[in-house]
Structures are given as C-alpha cells and as structure tokens.
Amino acid sequence: MPQQLIYQHTFANGLTLLAEEMDDVRSAAFNFLIPAGCVYDPPAHRGIGSVLSELITRGAGSRDSRELSLALDNLGLDRSESVASLHMRFWGATLARNIPASLELYADILRHPHLPEDEVEPVQALALQDLQGLEDEPRQKVLIELRNQHYPPPLGFDRRGTEEGVRSLTRDIIHRHYHRHFQPQGAILSVAGNIKWDPLRAQVERLFGDWKGEPLPPLQLGQTGQKVSHLVKEVEQTQIAMACASVPIGAPEYYAALGAVNVLSGTSSSRLFTEVREKRGLCYSVWATYQTFKDRASILAYAGTTNERAQETLDVMMAEMRRLSQGIEEEEVERVKVGLKSSLIMQQESTSARAGTLAGDWYYLNRVRSFDEIQAAIESLSPARIQQYLAHHPLQDFTLVTLGPKPLTIPA
Amino acid sequence: MMQFHSLLLDNGLQIIGETNPSARSLALAFFVRTGSRDETPEVSGVTHFLEHMIFKGTERRTALEVNRDFDRIGADYNAFTSEENTVFHAVLLPEYLPQAIDILADILRPSLREEDFEMEKKVIIEEIGMYEDQPGWAAYDHAKQLYFGSHLLGNSILGTPESIRALKRDQMYEYFERRYVAPNITVVAAGAFVWEDLVQLVRKHCGNWRAGPIGRGGVEETRGTGKFQVLHRANVAQEHVILIGPGPTAASPLRHAADTLSLAIGDDSGSRLYWSLVDPGLVESAGCGFHEYEGTGAFYTSFSCDPEQVEENLVVIHEELQKVQEENITEQELNQAKSKILSALVRRSERPAGRMNDIGMAWIYQHQYRSVDDDLNAFEAVTLDHLRQVMEQYPLLQLTTLALGPLEEVQAPGMSRR
C-alpha cells in the first residue's frame, strides 16, 4: 500500500479539520459533522433538525435559494444534508478542483443561512409527507421503532420526529435552534481526495476561524422502552427487528465484537444467511449489524418473512444468536478476516468512504486510525478472542419489535 | 493509463478488460445477455429465478460451498437480473483472480438440483412479497406493464407467486441451455489485473462451453399504450404515481442528450420538478430518469405524495413537461445538468466496479469500447439542439400513467373523471 497522507488540525474555536491526500483520483469528497443531530431536538419540537436541514440550503450569504442551488449544481456537486442521531451531516463530492469553491458556499450555508420565513411552510409540508411515507416502508418503520425502544431517549429518536413536533415549528423556533447548535465546538470537517493540505487548511481558517459558539451540555438520558413490542399492520411479510448490547468502537473488545457480528452476518456463508435463508428458505432478507455510539453500542438483527413463517424465522434467528457462544470455527474467522481486509483496501479507492471514515474516527476516538493499525487488529482476530468477547457480552436480553398482522413470542 | 483489451474465443465467448495500474482491486463480471424480455408467459420469472439458482451449486460445489468459496477470497459479489441482462459480478483483490474465475466459471454451469430448486422457490416468493410491501416498487412494476402492454419489455422480472410455484426444474434447464451459450456471454474485467492472465484463466475454464444461436425477438420500438390506470390499495398511505413516455434506444446517438434532458427535468436538486413540486412541499419526492433498452427507450417520471395532492400535482407535471416541450430548457440548465453528469461520471470511474459496469454495457449495447474520456466528451458535446431533436422524435407528453395507493379514482389532467 502507498503511504497514507492524513492531516489533522483543531482550530482555537473547536472546529477540527481532517484531510487525506489521494493522488490517484481526480475527485474529492467532504463531510461536515455539526453537533445538531435529532437527539438535540427539544421534546416539544421533534423533527426540528430535519426541517432545519432542508431549510438551511434555501438561501445563504449573498444568494437566494435558486442562486445557491444553481451555484452548487454548477460545481457538479453531488450533495446531501442529513440528520443522524448526534450530528447533522453535510456531504458533498465533486471534481477536486471544485472543492475550494464548494467550501466557500458551505461557509455561507453553515454560517449565514437565510432561513426564510416563507419557506417554513413548504419545508414543514415535506417533513409531514416524509412521516406519512414511512407508513409505506415497513422495514424502515420496524427498525426505527427498534431503536426507539432499545436506546434510552433521546438516543434512539428518529430524525423525522413527530407530526406534532413538525407542526409546532415557527421561523423563530427554528432560528433559535440554529443559533444554539450551529457552532464550531465539536464540529468536524473532513476532506479526502486529490487536494493539498496547506491551501485547504488556510482556506478553512479564513472561512471558519472566527466562528464562535458555546459547547453543548451533556445529554440527559431517560429510561429505555419496552423489551417486546408489536406494531399491527396488514402486510404480506412480518418484519422482525431485535437488538442487544455490545461494546463501543473505542473499547478493547471492539474488533472481537465486529468479528462476532461478521460470523453471524454480512456474507453469504455467514450463519444467519446460511441457516435462515439457504437451509430453510424462510426469507429473502436477513442480517445482523453493529451500531455504535461513543459510550454504548448494539448488535441489531433483522428479517422480513411471510406471516405464516415469521415465528419459525424468529426461532431460528434466536437459536443462531445463542449458538454463537457455543463455538466458532477457525475457518469461519479466517473468512471474516479476509472479507474485512478486502473491504479495508477497497475503501482506499473511494474518496467518499475515506472522508466519512476520517470524520467518524475523529468523533468516536479523537484520532484517525491508520490502515496498518486496522489491518493488524483484523489480523489478531481468533475464535478464542471472539469467544472471550461473547463470554463478557453474551447475545441475550434482546429488545424485540415486530410489525405485521400478529405478534410473535421470544422462544424460551 | 487505463488500457483496453478484447478477445473473442473460438466458441464465441467474448472477453473484454480495462487495466488500471493505479487501482488496488479489480471488478469482474459475467454478463449474460438474457432477461425478462426473453421469457414466454409460461416461464414468467425464470431468468431471475435462474440467477438465484446459479449460486446453488455445480458438479464440484454444493450451494453452501459456493458461498464459502466466495467468502474465502473476501469477494464482494452479487448478481442482478434486468429486462435484458443477467449479470454476475464480484470485486476482489488482485491476488484472488484465479480463484474468482474458477468459482464464477464453475457456477455458470449449474446443476439445478431439484431439492435446491424447491428451496429457492420459497426465497423467490419471499422476495416478491418483500417488494409487494413497498408500494413505490409495486407501482413501478405495474407502470412498466401498463406502458409496454404486449411488448416483451412489459414482462415482470420477478414473475408472480403463481408463475414461480408452477415453474418446473426442466423448464428452467431448457431456458438455461438455450440462453447461457458461450456467444451470449461477455466476461468483463476492470482495475488491477494482467490481461494475459485473465485470458488464460477464462480460456481454461470456459473454452469448452457450448456455442449456440443467440439473439432475441420482439426488439421493435414502442411508444407505450398511453393508458391511465389507478390501482386501489387501501392499506397504503401515500399515492405513488409513475408516468412513462418514449425515448431513444440504447444504440441511439441521442442517448446522451436524453440522459441530460431527464436530469434537467427531474434530478433531486435544481431541476424543473424540484422547483415545481419538491421545493413548495407538494410531494414527498419526485424524479425523472431515462432508461435505455435494445430497440427502444423510455423516460420514467415518478412522485409520491399525500393522496389529496395527486390531481393538482399531475397538472403541475403536465404543465412543466409541456413548457419544456415547447420552449426547451435554458442554456444555463443545460450546463448545470452537464456539470452534474460529468462530475458523477468521473467519480464513478474511480472505482473498478464503475468501470466494469460502464465498459460492459457499452460493449453490449454499442458494440464498442468507450473510455472515460469518450463518455465525458459525448456529454460535453450535448447541445440544446440535441435535446430539441429528442423531444421532436419523442414528445414528452406521450404518457402512460399509473397511480397506486389509497385513492379509488384519479382525474387525468385535461380529462373527465375515470
């Protein structure tokens, strides 16, 4: 592998800039993480983050909504504004030579948005239709409900908020929310691609060096929801979603947890796919995945299956979760390692993936892991280490959410 | 520098490849030129079902061994079936090329064992159920059938639970024997690999594959049935609407102009439909895309929204399309669309999987190699006059419309209630 060229600087106001120079590509991607995720939506105004993320590009700096949109499009910028739990994310990718001009526009969007009064109602209407559209997406619906029940509020909240929350919004309320949360403390900007560090750093300092703000107080967490719940809906397939606790990304056993999840899912020879789909034909889609916050993490699992066979599907999934701590083959771990190493190398071909990883690593770990570090950690995986992790953190005490005509029961 | 190579084996199997010395991985695919349009009604869904069965084992491997062997080399692999192609693809590290060819070539001569066939039937029926629960997908599938009518492109890719249950293993075997002949298959590679090694491996594993007649019937152009249909679904929350109109074919010199036009009309930022429907909050989403096929092409415009808003939104769409038809888009909109297309093309081309797909499709549809610069130049050269030509040949308002959702009836713009 060629030497990685990774840079980092935290400005006096708290904004962190990260960059990776990639000489073999013509493009570059960037990722702004602003600590304005939906966990910060006030209880009476849930959905405010989503509405703000839509409103914020409708005019900024010297440009009105149409002029701004045109300026962004003319840079060939593929972009998205999205709201996750902790952050609002502004992602963009284009030819590397257009990155400086893009950052000029994003300085306006983040620091000088118009948030125009007459655009509030249309944006609210979009947010309400987004909530309505969720009713036609049973898989998303069950996964949202799972996070809602499994994590202590507001950690598991969904970005869409609630109908009442969205309807309650006024320009003033949105404006206040913007001023409180759009600030440099804890904000991260990452850029990866055919760029140079020195001019990038100088530009970001000029654009954001005088940005000011107060750090946010720590989140107050509430009580987790119900262990077992069911949403009644007349559908062809029952949706099954479950979650149990794991260790967060900074923990010593993180890679072992990742190993355990990958023995269960992620490839077609993994256990869930083999036992649920290949051997029994119970479903088309079944998987497990790992999800982390800074201080906690979970293993989530999902399947969608014909109503008549839903209980059997749940039974087989649970049996596989339990069987994991009874033994893992050397061969299985070898396959997991090859898969993880391959995707690590392939990630080096994508500017978007690199920009995302830089920002994520900084947020979770306060540093950027090198390629060599991750490769060594993958290399050190073994059945014994995964078993040890499972002994400390058995896959049990699940939160279960189902959606379909009839509820299911967790097998004893 | 990327370099292109091609070779036709004696049995008719085509190999093409683009090597890229700065790539770290390679993408590899077997493109089989067969899809749902090559099916007769009694075997509806067989192409897609066969794609699943390809992974269920051979003389040398059981289904579980196929999965295991792919995973042993850390390959990111899958397959898809469209109206015209069945593609088996993998992205992998260069050192695993021999194993990857060994597995892919092996599984493309499947055993189609009866017990695997019956087991996979269940999975296919689950897959149909999954899509049936997603009204956006269901609307798309029904709209395509409505537009194409008796044209073979209207065939359902998945088939129905009934057609899948009725399918016999021997019917699938007959289809396989006829469609998976060597001259109907193109091996495509892009990224980090040595051309001579690829040729030697493909020759070794596929050189004895049977030749046979190829081609397909029913490739005439169509302009759609022009029908307007409402499918009532009481348990669906939003109304999902698809409007389809004719466009140039995959071999037409106007296809780049058609792509550009669809982006200017319906991209998710800064397009006509964005400003007229999304920006004012009239829909949850709206978009327009150009699909090219052998012998014909189509523009798909779609939106989903609150049922109460549907009729008003249909009028807005018709007015927008009419305005574009009469006045064309502006020079500014053209440049805006081109900037987006060129940037996306450059970024897609940085990954071997993107190149594999693009050179494979260009070879199959245009019978030529197209470098990244060829495509960049072709889009760069699109003018407003080319867009004008597209719309003269394929008027935007020649529409077939389908609405799926809670409404029992919807009034078509400019027509009485039906």
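Colleague: In what order do the six strands of the open sheet in chain A lie?
Modeller: This is a predicted model, where local features need pLDDT of at least 70, side-chain atom pairs count only at pLDDT 80 or more, and totals for chains, interfaces and linings use all residues. Residues are numbered from 1 along each chain as its sequence is written, and chains are lettered from A and ligands numbered from 1 in the order in which they are written. Strands (E, at least two residues) and helices (H or I, at least four) are DSSP runs numbered from the N terminus, and two strands pair if DSSP finds at least two bridges between them. The pairing in this open sheet of chain A is mixed, and the order is S1-S2-S6-S3-S5-S4.

Colleague: Which strands stand at the edges of that sheet?
Modeller: Look for strands with a single partner, so that one side of each is left without a neighbour in the sheet. In chain A these are S1 (5–10) and S4 (78–83).

Colleague: Which residue of S5(A) is the bridge partner of Glu81(A)?
Modeller: S4(A) and S5(A) run antiparallel, joined by six bridges. Within S5(A), the partner of Glu81(A) is Phe90(A).

Colleague: What angle does helix H3 of chain A make with S3(A)?
Modeller: H3 (residues 99–111) packs on the sheet, touching S3 (27–34), S5 and S6 (188–193) of chain A. Axes are lines fitted to C-alpha atoms, for helices over the stretch in contact, and angles between N-to-C directions run from 0 to 180 degrees. Between H3(A) and S3(A), that gives about 15°.

Colleague: How many residues of chain A on the side that touches chain B are charged?
Modeller: Residues are in contact if their C-beta atoms, placed from the backbone, lie within 7 Å, and chain A brings 54 of them to 55 from chain B. Asp, Glu, Lys and Arg count as charged; Ala, Val, Leu, Ile, Met, Phe, Trp, Tyr, Cys and Pro as nonpolar; the others, Gly among them, as polar. On the side of chain A, 16 are nonpolar and 23 polar, while the charged ones number 15.

Colleague: Which element gives the largest share of the side of domain 1 of chain B that touches domain 2?
Modeller: An automatic or database assignment sets the domain bounds, here 3–206 and 228–405 in chain B. Domain 1 gives 30 residues to their contact and domain 2 gives 24. The largest share of the domain 1 side, nine residues, comes from H5(B).

Colleague: Is Glu220(B) buried or exposed?
Modeller: Glu220(B) is found in the loop between H8 (195–206) and S7 (228–232) of chain B. Counting other C-beta atoms, placed from the backbone, within 10 Å, 20 or more means buried, 12 or fewer exposed, and in between partly exposed. Because Glu220(B) has 9 such neighbours, it counts as exposed.

Methods. Contact = placed C-beta atoms within 7 Å.
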